[in-house]
Amino acid sequence: MLRRLEELCNLNGVSGDEGRVRRYIKNIAKDYADEVWTDTMGNLYAHKRGEGKKVVVTAHMDEVGMIIWGAMDNGLLIYQTQGIDPRVVVSKRVVVGEKEIPGVIGAKAIHLQSMADRQKVLPHSELFIDIGAKDKADAMKYVERGDYAAFATKWERYGRDMMKAKALDDRMGCAIALELLKNTYDCDFTAVFTVQEELGLRGAEAAVYNVKPDVALVLEGTTANDMPGADGHQHVTKVGAGPAISFMDGATIVKREMFEALKKTAEEAGIPYQLKQAVAGGNDAGVIHKALSGCVTGVISVATRYIHSPCSMASVTDFENTYKLADAFLASGKFNEV
Amino acid sequence: MTDMNMIKDIVKAYGPSGREQKVTEVIRSFVEPLVDEVYTDTLGNLIAHKRGTSGKKLMFISHMDQIGLIVTDIDEKGFLRVANIGGVSPAMYAARAVRFENGVRGVTHFETETSGFMNPGKAAIGNLFVDIGAESREEAAAKVSLGDMAVVEAEFLELGNRVSCAAMDNRICCAAVVEALKEMKSEHDVYAVFSVQEEVGIRGAGAAAYVIQPDLCINLDVTLYGDTPKCVPMAMKLGEGAAIKIMDASVIIPPVVYTWLEDVAVKNDIKYQRDVMRMGGTDTSAVQKTRGGILVGGISIPLRYMHSPVETGDLRDFAATAALLRAAAAEAELPHR
C-alpha cells in the first residue's frame, strides 16, 4: 500500500487533469472490481457487486496546482491557482503540461524589492513560472494556455515514521480505497475516485447520483496544526495521533450514529484515533450527505502538515491505521447500524 | 385563542443543527393527531403527511434547527472550547447560560486577555469558552464529549402582543404550521416538512423535496424588520401580518405564486405585507432547484433581534401566517406556470 502511495503521489493530477491518476487506479482496480467505469466528469467507479446496503468509500484524485494563463513577452508564464498559499510556492520546481516541461516559480529578487514589497506577501499575480523560454513565441512552443502545472517534488520517507510528498491530500485516500477493494464486505460496495474536489467538491456532486449510496465513507487528508504557538484547541488534528474522525466540518455535520459507529469501530479494533477538532473546511461529504433523499456520510482523515504545499508530511502509521479503521468499519458491518 | 403552551414547548425545545431529535419529538407529538402519517427521513427531516384526493401535492417547509455552539476541545482545567453552529455572534453569545442535550448546563465567557473584561465585542468565536463548573479535563469529559452541542438558555417572555425567546427563528414558524394543520381542509396531499440543518447552509430541505416532488412548496421562515430605532431600513414591521415572500438573498419567488398568495389573503380577509429581504437565505432556494425545478413561495414572520437570545415576534403575525397557510391549502386551484 505504501509503494502504491508513493507512485500515486508522484503522479500529477491537478484538478481537471486527473487522467494520469485515473489510469493508474483503473489499471489496479480492474483486477479486484466487477466493473470499473468513468463518468462524464471523470469520476472513476470500481464496483464490487453484493447484497444489502449500497456502501461507497470515496477519495478524491485531484491535487492543488496551477493552470497556465499565458506567457509574457519575456517568456515567463502567468498562472492561476486556487487553494495554494503564495508564501509556499516561490522557487519551487514545477512541471508544465502533458510533456512535463520543467520550470520554477519565480519572483522578483530580494535586491529589487522595495521595502513595501518586502513587507507583504507577493500574490500569485506577481509570481510566474520560468521554463527557460527566451520570449513569448519560444514559450508557446512548449506550453499552451490551459496547460496544468504541478509541483515536481517526489515522495520520500522522513525520519522513522513520517513521509513527505505533494498530493498526500488525497492520494492517501486513493491508496486506501484501492486496498479496500481487495477485500470482500457484506454489502454492495463501490470505491469512488472523484475529480475536482479542491475546486469545490465538484466531482462528488455528480458522482453521488450515479451510485445512490445508502452509506458513504469519505477518506481524506486534513490539516494538522500541531505547531508551535497553537494551543490544544487550535490543533485541528495532530500527526501521529491516529486517524481523525470528523463530527463536523464547514460543509457537513456528521450524523451522530455514524460518528459514534466509527469511534466504536476504532475502540473495538484497538486502533488509536483522534477527533478532528476544527469545524472549518469541507470535503466531498459536504455534497454527498445531502444529495438525493440524503446519504449517511462519515469522514476519516489522515492528519497532514503543510497541506496544499509541494511538501506536505504525514505519519505512515496514521495512514496505515486509517486503512485499518475503514476496513474494520466495513468488515464489522457497522454500516447497517447507522 | 392562541395556543401559547404549544408555541412555548416548540420554541423552548432543544435542537441545534444536526441534533434535532428532541425538537422532532415535541413537534411530532403535536402533529401526530392532525395528519395521516408522520415519519423522518435519512437526514432527520420530520414529515407530516395529510392525504388528499386531487392528485396534487402541496408542501410546507419550516426549518426546526436552531443556532448553537459545538465543543471542539476540553482543556486540562475543564474549560470547553467551542465553534459556532450557524450564524452565531460571539458578542451575543458571550456571558450567557447554555444547555447541552443531556441537560448539562454551563456559562460562556471569553478570553479577557484578548478583549478586556468588559468588551466581548472584540472576541472571535475562538476566544469564547464554556465553563460547566468542572475543575479538570476528566470531570468535564465525564459530562460532555467533543462534538456535543449547546444552545443558549433563554426565558420565554410574553410581552403584550409580542413573545421573545431564543430560537424563535424558526420555531415560531414551526408552531404556525402546527396551528394551520389544526382543522386544515384540503383536497391536496399536504406534506408539512420540519427540516433540519437550515442554519448551517440549507442542507436538509433539498433531500425532502427530492422525495416528495411537490407541485407547490411554501416555505415558512422568519424575516427581518425595519421598525426599531435607527435600524437597517426595511419595509417589514411586526404586527402588520403574514409577510408574503417576494425574494430573499437565495431565491426569487415567481409572481404567479406570490400574487396567488396575496389573492388568497384578500379573499379570506387575512392581514399581509410583502417580504423583500436582501440578506439571508432560506430553504426555499434548495427546494426550488430540486430535480427539474419546483414552484415555490414563502410566508414569513417578521422577527426582531435575529440570532440573539431575545428574538421577538408578534402573535398577530403568527395567527395571520397560520390562517393564510390554512386558506392556501383550502384552495382547489394551485398556482401553476
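This is a predicted model: local features need pLDDT of at least 70, side-chain atom pairs count only at pLDDT 80 or more; totals for chains, interfaces and linings use all residues.

User: Happy to start with the domains. How far apart are the centres of domain 1 of chain A and domain 2 of chain A?

Analyst: The domain assignment of chain A gives domain 1 as 2-63 + 166-337 and domain 2 as 66-151. Taken over C-alpha atoms, the centres of these two domains of chain A are separated by 32 Å.

User: And how do the residues on the side of domain 1 of chain A that touches domain 2 of chain A divide by class?

Analyst: In this contact, 10 residues of domain 1 of chain A meet 10 residues of domain 2 of chain A. The domain 1 side divides into three nonpolar, three polar and four charged residues.

User: Moving to chain B, how many residues does each domain bring to the contact between domain 1 and domain 2?

Analyst: Chain B is divided into domain 1 (4-66 + 166-330) and domain 2 (68-152), and their C-alpha centres lie 31 Å apart. On the domain 1 side of chain B, the classes are five nonpolar, four polar and three charged residues. The contact takes 12 residues from domain 1 of chain B and 12 residues from domain 2 of chain B.

User: What about the two chains together: which classes make up the side of chain A that touches chain B?

Analyst: Between the chains, 16 residues of chain A are in contact with 20 residues of chain B. The chain A side has 10 nonpolar, five polar and one charged residues.

User: Which residues of H1(A) meet H5(A)?

Analyst: The crossing of H1(A) and H5(A) is right-handed. By class, their contact has eight nonpolar, no polar and two charged residues. On the H5(A) side are A:Leu168, A:Arg171, A:Met172, A:Cys174, A:Ala175 and A:Leu178, and they are met from H1(A) by A:Arg4, A:Leu5, A:Leu8 and A:Cys9.

User: How is H7(A) oriented to H9(A)?

Analyst: Helix H7 (residues 256-269) and helix H9 (residues 316-331) of chain A have axes 9 Å apart and pack at an angle of about 105°. Angles of 65 to 115 degrees count as roughly perpendicular. So H7(A) is, relative to H9(A), roughly perpendicular.

User: Which elements of chain A do the buried residues of H6(A) pack against?

Analyst: Helix H6 (residues 202-211) of chain A has these buried residues: A:Arg202, A:Gly203, A:Ala204, A:Ala207, A:Val208 and A:Val211. Just after H6(A), A:Lys212 takes a positive phi of about 45°. The buried residues of H6(A) pack against strand E2 (44-48), strand E3 (54-60), strand E12 (188-194) and helix H8 (285-288).

User: One last residue, please. Does B:Ala249 count as buried or exposed?

Analyst: B:Ala249 is in the loop between strand E14 (242-248) and strand E15 (251-252) of chain B. Not counting residues up to four places away in sequence, B:Ala249 touches B:Arg278, B:Met279, B:Gly280 and B:Gly281. Because B:Ala249 has 11 C-beta neighbours inside 10 Å, it counts as exposed.

Definitions and conventions:
Residues are numbered from 1 along each chain as its sequence is written. Chains are lettered from A and ligands numbered from 1 in the order in which they are written. A crossing is left-handed if the near helix is turned anticlockwise from the far one by less than a right angle, and right-handed if clockwise. Helices (H or I, at least four residues) and strands (E, at least two) are DSSP runs, numbered from the N terminus. Two residues are in contact if their C-beta atoms, placed from the backbone, lie within 7 Å. Ala, Val, Leu, Ile, Met, Phe, Trp, Tyr, Cys and Pro count as nonpolar, Asp, Glu, Lys and Arg as charged, and the others, Gly among them, as polar. Domain bounds come from an automatic or database domain assignment. Axes are lines fitted to C-alpha atoms, for helices over the stretch in contact, and angles run from 0 to 180 degrees between N-to-C directions. Angles under 35 degrees count as roughly parallel, over 145 as roughly antiparallel, 65 to 115 as roughly perpendicular and the rest as oblique. A residue is buried if 20 or more other C-beta atoms lie within 10 Å of its own, exposed if 12 or fewer, and partly exposed in between; C-beta atoms are placed from the backbone.
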